[in-house]
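Please view the sequence and the structure together before reading on.

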Amino acid sequence: MKLLLVNLLNECACEKQYEYLWSFIRERELSSQQRQQLLRWYKRIRRDLPWRQTQDPYRILVSEVMLQQTQVDRVIPFYHRFMETFPNEQALADADITHVHRLWKGLGYPSRAERLQKTCQIITRERDGQWPQTAEGLQELPGIGPYTSAAVACFACGQSVPLVDTNVARVYARRDALPIPLDKKLIWQHAENHLARRSAVAYNNALMELGALVCTARNPTCDECPWKNSCQTLAQNPTETTCEEEFKQTANPMKVASAKVQYGVTISDKKKTRKHIVLALIHHEGKYLIAKRPPSVHMGNYWELPGGKKEKGEDDRIALAREIDEELGAEILSARPFVTFTYEYPEFYLTFHCYRCRLFHPELVQPLAATEIKWVTPEEFMAYEFPPANEAIKQRFQRYHFKK
Ligand code: SF4
């Protein structure tokens with residue numbers, strides 16, 4: 001191929017043609033160099049994760065589903081326990097669902113476990129134990145989207161297909177300075193163009209490893225990056241401040257900015273510390289759950305949404321799952337971003353991350369941390385008095401329900 005391109009270059013009829021072909025060859029060379037750099041780096045640092053030692057589609061699918069919204073270190077013990085109890089698709093297909101839920105408890109989103117079981121039932125009862133071998137075929141199974149299907153097709157079936165999760169999107173967005181928010185089609189096409197076809201398994205693993213360990217959302221350690229010499233973000237942002245700003249913009253490059261309205265204050269004093277709170281706007285059959293603060297605490301007797309402080313390094317949804325378990329004894333079925341805003345106190349900023357949630361068993365909630373809990377209609381919700389820091393929730397709720 002290279003020889004063919006060089007011959008074509010020699011035969012170019014005009015300067016424009018020559019330049020076009022020359023830049024194509026250069027890009028191709030750069031991309032191939034970058035792939036080799038990444039693969040060499042991966043060989044050196046690769047983590048020995050349990051699901052990397054198998055090509056069993058069942059085990060790979062279980063690991064991929066567990067890894068959705070949950071960090072690797074946390075998933076490993078769950079994965080081992082799950083595999084000891086349900087070592088194959090037949091065992092999971094035949095299991096009592098309450099047993100499956102018990103083993104899943106702590107990972108959150110039990111509906112994911114239910115869909116896994118459903119998939120195993122289809123494979124064992126309708127497909128004679130045969131898994132589809134392509135990403136398209138896998139997407140016909142319950143709960144398997146573009147990323148998971150590509151992961152199983154690549155890691156289990158050896159298909160040379162690209163993978164794009166948040167980590168991969170962030171790495172490419174930064175390395176190649178792609179426009180933010182990323183267009184889904186564009187990033188999948190980009191990943192396809194840059195894939196190392198003959199080493200797709202290692203390349204895809206390496207990319208995800210790079211996003212998880214080096215090109216992280218908040219503090220990328222560019223000195224350790226195999227692509228530091230060709231990274232466009234570093235090249236275009238020579239100062240630390242502009243680089244930091246760019247890292248913030250690209251932390252979650254797939255996220256489309258949905259709110260057209262700005263809620264809360266803008267952070268202006270960089271010396272003040274910032275704390276993060278997660279809140280659950282739980283809804284069920286047209287009503288919302290609110291909780292009354294105990295009289296002895298700050299802002300006692302105010303009504304509020306359940307939730308609490310995020311722990312250091314904790315993912316929003318993990319923090320939500322933990323808080324809702326502690327405060328209501330309930331498990332979250334789904335959580336979608338509703339509003340994020342910041343409130344300024346004299347000594348610090350509080351950033352609230354509020355998610356619109358559904359519970360697995362809403363009828364079983366208990367007031368474990370509040371003096372009282374209530375299900376209220378949207379109109380009643382607007383009439384309750386929340387602490388002033390939560391005013392932005394009311395504003396967003398008003399727009400959401402009453403479009404004013
Ligand atoms: S050099 Fe830094 S920003 Fe660029 S890809 Fe590597 S870790 Fe990410």
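The structure is a predicted model.

**The ligand shell**

Around the ligand there are 13 residues, of which Arg174, Cys215, Cys222, Cys225 and Cys231 come nearest. Helix α10, spanning residues 166-175, and helix α13, spanning residues 232-236, each supply at least two residues of this shell. The largest share belongs to α10, with three residues.

**Strand β1 and its partners**

Strand β1, formed by residues 273-284, pairs with strand β6, formed by residues 348-359. Strand β1 is also joined to β4 and to β2. The table lists these pairings.

| Partner of β1 | Residues of partner | Sense | Bridges |
|---|---|---|---|
| β6 | residues 348-359 | parallel | 10 bridges |
| β4 | residues 307-309 | antiparallel | three bridges |
| β2 | residues 287-292 | antiparallel | two bridges |

Individual residues illustrate each pairing. Ala280 has Tyr355 as its bridge partner in β6, while Val278 stands opposite Gly308 in β4. Towards β2, the bridge partner of His283 is Tyr288.

**The packing of α3 and α4**

Two packed helices are described by the angle between their axes and the distance between the axes. For helix α3 (residues 57-67) and helix α4 (residues 72-85), the angle is about 140 degrees and the axes lie 10 Å apart. Because of this angle, α3 is oblique to α4. The crossing of the two helices, α3 and α4, is right-handed.

Which residues in α3 and α4 meet? On the α3 side they are Arg59, Val62, Ser63, Met66 and Leu67. On the α4 side they are Val72, Val75, Phe78, Tyr79, Phe82 and Met83. The residues of this contact between α3 and α4 divide into nine nonpolar, one polar and one charged.

Terms used:
Residues are numbered from 1 along each chain as its sequence is written. This is a predicted model: local features need pLDDT of at least 70, side-chain atom pairs count only at pLDDT 80 or more; totals for chains, interfaces and linings use all residues. A residue is near a molecule or strand if its C-beta atom, placed from the backbone, lies within 6 Å of it. Helices (H or I, at least four residues) and strands (E, at least two) are DSSP runs, numbered from the N terminus. Two strands pair if DSSP finds at least two bridges between them. Axes are lines fitted to C-alpha atoms, for helices over the stretch in contact, and angles run from 0 to 180 degrees between N-to-C directions. Angles under 35 degrees count as roughly parallel, over 145 as roughly antiparallel, 65 to 115 as roughly perpendicular and the rest as oblique. A crossing is left-handed if the near helix is turned anticlockwise from the far one by less than a right angle, and right-handed if clockwise. Two residues are in contact if their C-beta atoms, placed from the backbone, lie within 7 Å. Ala, Val, Leu, Ile, Met, Phe, Trp, Tyr, Cys and Pro count as nonpolar, Asp, Glu, Lys and Arg as charged, and the others, Gly among them, as polar.
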